[in-house]
Amino acid sequence: MAALFFGLLLFAMQSPPISSRPAKSLARGLPPSASPPQLTPNDSGSTAPPNGTLQQLPQILIIGVRKGGTRALIEMLSLHSAVAAAENEVHFFDWESHFQKGLPWYLTQMPFALPDQLTVEKTPAYFTSTKVPERIHQMNPDIKLLLILRDPTERVLSDYTQVFYNRLQKHKQYHPIESVLVKDGEINLGYKALNRSLYYLHMQNWLRYFPLESIHVVDGDELIRDPFPEMKRVERFLNLEPQINPSNFYFNKTKGFYCLRDHGRERCLHDSKGRAHPQVAPAILHKLYRFFHEPNKKLFELVGRTFHWN
(Lines give C-alpha, C1' and ligand atoms only; values in the text may rest on other atoms or scores of the structure.)
Protein backbone atom coordinates (compact mmCIF):
# COMPACT_ATOMS: atom_id res chain seq x y z
CA MET A 1 0.00 0.00 0.00
CA ALA A 2 2.87 2.37 0.86
CA ALA A 3 4.47 1.75 -2.52
CA LEU A 4 1.12 2.36 -4.29
CA PHE A 5 0.60 5.62 -2.42
CA PHE A 6 4.17 6.69 -3.23
CA GLY A 7 3.61 6.04 -6.90
CA LEU A 8 0.31 7.93 -7.00
CA LEU A 9 1.89 10.86 -5.19
CA LEU A 10 4.73 11.07 -7.69
CA PHE A 11 2.31 10.76 -10.61
CA ALA A 12 0.25 13.62 -9.27
CA MET A 13 3.36 15.77 -8.84
CA GLN A 14 4.79 14.88 -12.23
CA SER A 15 5.69 17.99 -14.19
CA PRO A 16 7.20 17.50 -17.65
CA PRO A 17 6.97 14.09 -19.34
CA ILE A 18 10.12 12.11 -18.60
CA SER A 19 11.51 9.71 -21.17
CA SER A 20 13.60 6.66 -20.43
CA ARG A 21 16.69 5.42 -22.24
CA PRO A 22 19.17 2.79 -21.08
CA ALA A 23 22.77 3.73 -20.36
CA LYS A 24 25.15 1.88 -22.65
CA SER A 25 28.69 1.72 -23.96
CA LEU A 26 31.17 2.52 -21.16
CA ALA A 27 28.85 1.26 -18.42
CA ARG A 28 28.32 -2.45 -18.93
CA GLY A 29 25.74 -4.88 -17.66
CA LEU A 30 23.21 -2.73 -15.79
CA PRO A 31 19.75 -4.35 -15.81
CA PRO A 32 17.07 -2.56 -17.88
CA SER A 33 15.12 -1.70 -14.75
CA ALA A 34 18.14 0.26 -13.49
CA SER A 35 17.74 2.78 -16.30
CA PRO A 36 16.27 5.85 -14.57
CA PRO A 37 13.96 8.50 -16.00
CA GLN A 38 15.73 11.21 -17.94
CA LEU A 39 15.06 14.86 -18.60
CA THR A 40 16.46 16.66 -21.63
CA PRO A 41 17.31 20.36 -21.35
CA ASN A 42 14.30 21.25 -23.53
CA ASP A 43 11.98 19.29 -21.21
CA SER A 44 13.12 21.39 -18.26
CA GLY A 45 12.63 24.62 -20.17
CA SER A 46 16.30 25.50 -20.52
CA THR A 47 18.33 25.87 -23.69
CA ALA A 48 19.66 22.57 -25.01
CA PRO A 49 23.46 22.48 -24.96
CA PRO A 50 25.11 21.46 -28.23
CA ASN A 51 26.45 18.17 -26.89
CA GLY A 52 22.99 16.63 -26.40
CA THR A 53 23.24 16.05 -22.65
CA LEU A 54 20.32 15.30 -20.35
CA GLN A 55 19.50 14.86 -16.69
CA GLN A 56 18.68 11.45 -15.26
CA LEU A 57 17.95 10.01 -11.85
CA PRO A 58 21.06 8.43 -10.36
CA GLN A 59 21.94 4.82 -11.09
CA ILE A 60 24.58 5.05 -8.35
CA LEU A 61 24.28 6.47 -4.84
CA ILE A 62 27.07 7.06 -2.34
CA ILE A 63 25.07 6.64 0.87
CA GLY A 64 27.74 7.34 3.49
CA VAL A 65 29.14 7.33 5.93
CA ARG A 66 29.67 10.87 7.20
CA LYS A 67 33.41 11.59 7.59
CA GLY A 68 34.16 8.28 5.94
CA GLY A 69 35.69 9.72 2.77
CA THR A 70 32.63 10.25 0.58
CA ARG A 71 34.02 13.41 -1.04
CA ALA A 72 37.26 11.66 -1.97
CA LEU A 73 35.28 8.71 -3.33
CA ILE A 74 33.04 10.77 -5.62
CA GLU A 75 35.99 12.85 -6.86
CA MET A 76 37.93 9.70 -7.69
CA LEU A 77 34.92 8.10 -9.34
CA SER A 78 34.54 11.23 -11.46
CA LEU A 79 37.86 10.39 -13.09
CA HIS A 80 35.94 7.83 -15.15
CA SER A 81 34.47 9.21 -18.36
CA ALA A 82 31.31 7.11 -17.97
CA VAL A 83 30.36 8.85 -14.72
CA ALA A 84 28.60 12.19 -14.20
CA ALA A 85 28.58 13.31 -10.57
CA ALA A 86 26.20 15.68 -8.81
CA GLU A 87 28.18 18.55 -7.34
CA ASN A 88 26.23 18.94 -4.11
CA GLU A 89 24.75 16.70 -1.45
CA VAL A 90 21.07 16.79 -2.38
CA HIS A 91 19.58 15.34 0.84
CA PHE A 92 16.49 14.27 -1.08
CA PHE A 93 15.65 11.07 0.76
CA ASP A 94 16.44 12.24 4.31
CA TRP A 95 15.12 15.83 4.37
CA GLU A 96 11.32 15.98 4.38
CA SER A 97 11.31 19.47 2.83
CA HIS A 98 13.15 18.05 -0.20
CA PHE A 99 11.42 14.67 -0.37
CA GLN A 100 7.98 16.28 -0.49
CA LYS A 101 8.99 18.02 -3.74
CA GLY A 102 9.00 14.63 -5.46
CA LEU A 103 11.21 12.88 -7.99
CA PRO A 104 10.74 15.55 -10.70
CA TRP A 105 12.48 18.04 -8.38
CA TYR A 106 15.20 15.51 -7.51
CA LEU A 107 15.81 15.02 -11.21
CA THR A 108 16.49 18.74 -11.66
CA GLN A 109 19.29 18.49 -9.07
CA MET A 110 21.22 16.00 -11.19
CA PRO A 111 24.10 16.97 -13.51
CA PHE A 112 23.67 17.10 -17.27
CA ALA A 113 25.19 13.91 -18.64
CA LEU A 114 25.71 12.20 -21.97
CA PRO A 115 23.24 9.38 -22.72
CA ASP A 116 25.90 6.70 -22.12
CA GLN A 117 27.03 8.11 -18.77
CA LEU A 118 25.93 6.97 -15.32
CA THR A 119 24.83 9.57 -12.79
CA VAL A 120 26.02 9.42 -9.18
CA GLU A 121 24.84 11.42 -6.19
CA LYS A 122 26.27 11.38 -2.68
CA THR A 123 24.65 12.29 0.60
CA PRO A 124 26.49 10.75 3.58
CA ALA A 125 23.51 11.17 5.89
CA TYR A 126 21.52 8.59 3.90
CA PHE A 127 23.28 5.67 5.61
CA THR A 128 22.17 6.55 9.14
CA SER A 129 18.62 7.69 8.31
CA THR A 130 16.10 4.92 9.06
CA LYS A 131 13.57 5.99 6.42
CA VAL A 132 15.99 6.34 3.50
CA PRO A 133 16.50 2.71 2.38
CA GLU A 134 12.80 2.14 1.74
CA ARG A 135 12.47 5.42 -0.16
CA ILE A 136 15.44 4.65 -2.40
CA HIS A 137 14.13 1.13 -3.00
CA GLN A 138 10.79 2.59 -4.13
CA MET A 139 12.62 4.78 -6.63
CA ASN A 140 14.84 2.02 -8.02
CA PRO A 141 15.25 -1.43 -6.39
CA ASP A 142 18.19 -2.18 -8.73
CA ILE A 143 20.26 0.89 -7.88
CA LYS A 144 23.96 0.43 -7.08
CA LEU A 145 24.94 1.61 -3.59
CA LEU A 146 28.43 2.63 -2.49
CA LEU A 147 29.22 2.80 1.22
CA ILE A 148 32.63 3.96 2.43
CA LEU A 149 33.59 3.09 6.01
CA ARG A 150 36.56 3.93 8.20
CA ASP A 151 37.81 2.73 11.55
CA PRO A 152 34.85 3.80 13.71
CA THR A 153 37.07 5.45 16.33
CA GLU A 154 38.85 7.50 13.67
CA ARG A 155 35.48 8.41 12.16
CA VAL A 156 34.20 9.69 15.53
CA LEU A 157 37.31 11.86 15.93
CA SER A 158 36.87 13.24 12.39
CA ASP A 159 33.22 13.95 13.14
CA TYR A 160 34.16 15.91 16.25
CA THR A 161 36.93 17.76 14.38
CA GLN A 162 34.51 18.96 11.69
CA VAL A 163 32.02 20.27 14.25
CA PHE A 164 34.85 21.83 16.28
CA TYR A 165 36.18 23.86 13.33
CA ASN A 166 32.69 24.85 12.21
CA ARG A 167 31.90 26.25 15.64
CA LEU A 168 35.32 27.89 15.85
CA GLN A 169 34.79 29.71 12.54
CA LYS A 170 31.38 30.93 13.69
CA HIS A 171 32.82 32.08 17.05
CA LYS A 172 30.55 29.66 18.88
CA GLN A 173 31.30 27.81 22.08
CA TYR A 174 32.60 24.27 21.74
CA HIS A 175 33.01 21.38 24.16
CA PRO A 176 36.36 19.65 24.73
CA ILE A 177 36.40 16.24 23.09
CA GLU A 178 36.78 14.38 26.40
CA SER A 179 33.53 15.91 27.68
CA VAL A 180 31.49 14.66 24.70
CA LEU A 181 33.09 11.21 24.49
CA VAL A 182 32.89 10.31 28.17
CA LYS A 183 30.17 10.87 30.75
CA ASP A 184 30.49 9.76 34.37
CA GLY A 185 33.57 7.75 33.49
CA GLU A 186 31.86 5.75 30.73
CA ILE A 187 31.40 6.16 26.98
CA ASN A 188 28.71 8.79 26.38
CA LEU A 189 26.02 6.85 24.51
CA GLY A 190 24.10 10.09 23.93
CA TYR A 191 26.81 11.47 21.62
CA LYS A 192 25.38 11.24 18.08
CA ALA A 193 28.77 10.72 16.47
CA LEU A 194 29.10 7.41 18.31
CA ASN A 195 25.81 6.18 16.89
CA ARG A 196 26.97 7.00 13.35
CA SER A 197 29.91 4.63 13.90
CA LEU A 198 27.70 1.70 14.96
CA TYR A 199 27.74 0.55 11.37
CA TYR A 200 26.04 -2.81 11.85
CA LEU A 201 22.85 -1.18 13.20
CA HIS A 202 22.43 0.91 10.07
CA MET A 203 23.53 -1.89 7.72
CA GLN A 204 20.81 -4.16 9.14
CA ASN A 205 18.23 -1.62 8.05
CA TRP A 206 19.66 -1.37 4.52
CA LEU A 207 19.70 -5.15 4.15
CA ARG A 208 15.96 -5.22 4.79
CA TYR A 209 15.50 -3.57 1.38
CA PHE A 210 18.61 -4.36 -0.67
CA PRO A 211 20.61 -7.55 -1.13
CA LEU A 212 24.24 -7.39 -0.09
CA GLU A 213 25.18 -7.73 -3.78
CA SER A 214 23.74 -4.24 -4.38
CA ILE A 215 25.97 -2.62 -1.74
CA HIS A 216 29.72 -2.25 -2.23
CA VAL A 217 31.65 -1.36 0.92
CA VAL A 218 34.74 0.74 0.23
CA ASP A 219 37.55 0.60 2.79
CA GLY A 220 38.00 4.27 3.59
CA ASP A 221 41.28 3.74 5.42
CA GLU A 222 42.75 1.89 2.43
CA LEU A 223 41.42 4.57 0.07
CA ILE A 224 43.53 7.08 1.99
CA ARG A 225 46.65 4.88 2.05
CA ASP A 226 46.48 3.50 -1.50
CA PRO A 227 43.47 4.66 -3.54
CA PHE A 228 44.09 2.79 -6.80
CA PRO A 229 43.23 -0.79 -5.68
CA GLU A 230 40.05 0.39 -3.96
CA MET A 231 38.93 2.30 -7.06
CA LYS A 232 39.52 -0.75 -9.27
CA ARG A 233 37.12 -2.67 -7.01
CA VAL A 234 34.58 0.12 -7.41
CA GLU A 235 34.94 -0.02 -11.20
CA ARG A 236 34.30 -3.76 -11.19
CA PHE A 237 31.26 -3.43 -8.91
CA LEU A 238 29.74 -0.81 -11.22
CA ASN A 239 30.55 -2.82 -14.36
CA LEU A 240 32.61 0.06 -15.73
CA GLU A 241 35.22 -0.37 -18.42
CA PRO A 242 38.68 -0.16 -16.75
CA GLN A 243 39.91 3.43 -17.04
CA ILE A 244 41.20 4.62 -13.69
CA ASN A 245 44.92 3.92 -13.39
CA PRO A 246 47.82 4.63 -10.98
CA SER A 247 48.85 7.75 -12.91
CA ASN A 248 45.58 9.38 -11.79
CA PHE A 249 46.94 9.60 -8.22
CA TYR A 250 49.95 11.33 -6.74
CA PHE A 251 50.93 11.83 -3.12
CA ASN A 252 50.99 15.45 -1.99
CA LYS A 253 53.61 15.67 0.75
CA THR A 254 52.42 19.09 1.87
CA LYS A 255 48.83 17.96 2.42
CA GLY A 256 49.77 14.47 3.51
CA PHE A 257 47.29 12.62 1.27
CA TYR A 258 46.75 11.62 -2.35
CA CYS A 259 45.57 14.14 -4.92
CA LEU A 260 44.19 13.55 -8.41
CA ARG A 261 45.62 14.01 -11.89
CA ASP A 262 43.22 13.98 -14.82
CA HIS A 263 44.31 14.78 -18.41
CA GLY A 264 47.15 16.95 -17.16
CA ARG A 265 45.03 18.76 -14.56
CA GLU A 266 45.87 18.28 -10.89
CA ARG A 267 43.44 18.81 -8.05
CA CYS A 268 43.30 18.11 -4.34
CA LEU A 269 40.49 17.95 -1.84
CA HIS A 270 39.58 21.12 0.07
CA ASP A 271 41.79 22.17 2.97
CA SER A 272 38.96 21.22 5.33
CA LYS A 273 39.70 17.58 4.46
CA GLY A 274 42.42 15.69 6.28
CA ARG A 275 42.56 18.01 9.29
CA ALA A 276 44.57 16.82 12.26
CA HIS A 277 42.47 15.28 15.01
CA PRO A 278 42.58 16.63 18.56
CA GLN A 279 44.79 14.89 21.08
CA VAL A 280 42.85 12.32 23.07
CA ALA A 281 44.05 10.65 26.25
CA PRO A 282 45.14 7.03 25.62
CA ALA A 283 42.75 5.78 28.30
CA ILE A 284 39.79 7.30 26.44
CA LEU A 285 40.98 5.86 23.12
CA HIS A 286 41.13 2.41 24.69
CA LYS A 287 37.57 2.86 25.96
CA LEU A 288 36.48 3.64 22.39
CA TYR A 289 38.33 0.65 20.96
CA ARG A 290 36.66 -1.66 23.49
CA PHE A 291 33.27 -0.05 22.88
CA PHE A 292 33.42 -0.68 19.12
CA HIS A 293 34.91 -4.19 19.31
CA GLU A 294 31.63 -6.14 19.39
CA PRO A 295 29.72 -3.84 16.98
CA ASN A 296 32.58 -4.22 14.50
CA LYS A 297 32.41 -8.02 14.72
CA LYS A 298 28.67 -7.87 13.98
CA LEU A 299 29.33 -5.72 10.91
CA PHE A 300 32.00 -8.12 9.63
CA GLU A 301 29.52 -10.98 9.92
CA LEU A 302 26.84 -8.98 8.07
CA VAL A 303 29.02 -8.06 5.10
CA GLY A 304 31.23 -11.16 5.04
CA ARG A 305 34.38 -9.09 5.20
CA THR A 306 36.91 -8.10 7.86
CA PHE A 307 38.45 -4.65 8.18
CA HIS A 308 41.73 -4.01 9.99
CA TRP A 309 40.38 -1.66 12.62
CA ASN A 310 41.61 -1.25 16.18
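Strands β5 and β6 (residues 118–122) pair in the parallel sense over 3 bridges. Strands here are DSSP runs of E of at least two residues, helices are runs of H or I of at least four, and both are numbered from the N terminus. Two strands pair if DSSP finds at least two bridges between them. Valine 83 has leucine 118 in β6 as its bridge partner. This is a predicted model, where local features need pLDDT of at least 70, side-chain atom pairs count only at pLDDT 80 or more, and totals for chains, interfaces and linings use all residues. Residues are numbered from 1 along each chain as its sequence is written, and side-chain values use heavy atoms, with hydrogens and water left out.

The pair belongs to an open sheet of 5 strands, ordered β5-β6-β4-β7-β10, with parallel pairing. Its edges are β5 (83–85) and β10 (215–219), each pairing on one side only. Neighbouring strands are turned by 25° on average, direction ignored. Axes are lines fitted to C-alpha atoms, for helices over the stretch in contact, and angles run from 0 to 180 degrees between N-to-C directions.

Now the helices. The axes of α6 (residues 152–169) and α12 (residues 282–303) come within 9 Å and cross at roughly 125°. That makes α6 oblique to α12; angles under 35 degrees count as roughly parallel, over 145 as roughly antiparallel, 65 to 115 as roughly perpendicular and the rest as oblique. In α6, Pro152, Thr153, Val156 and Leu157 meet Leu285, Leu288, Tyr289, Phe292 and Asn296 of α12. Contact means heavy atoms within 4.5 Å.

A further open sheet has 3 strands in the order β11-β12-β13, with antiparallel pairing.
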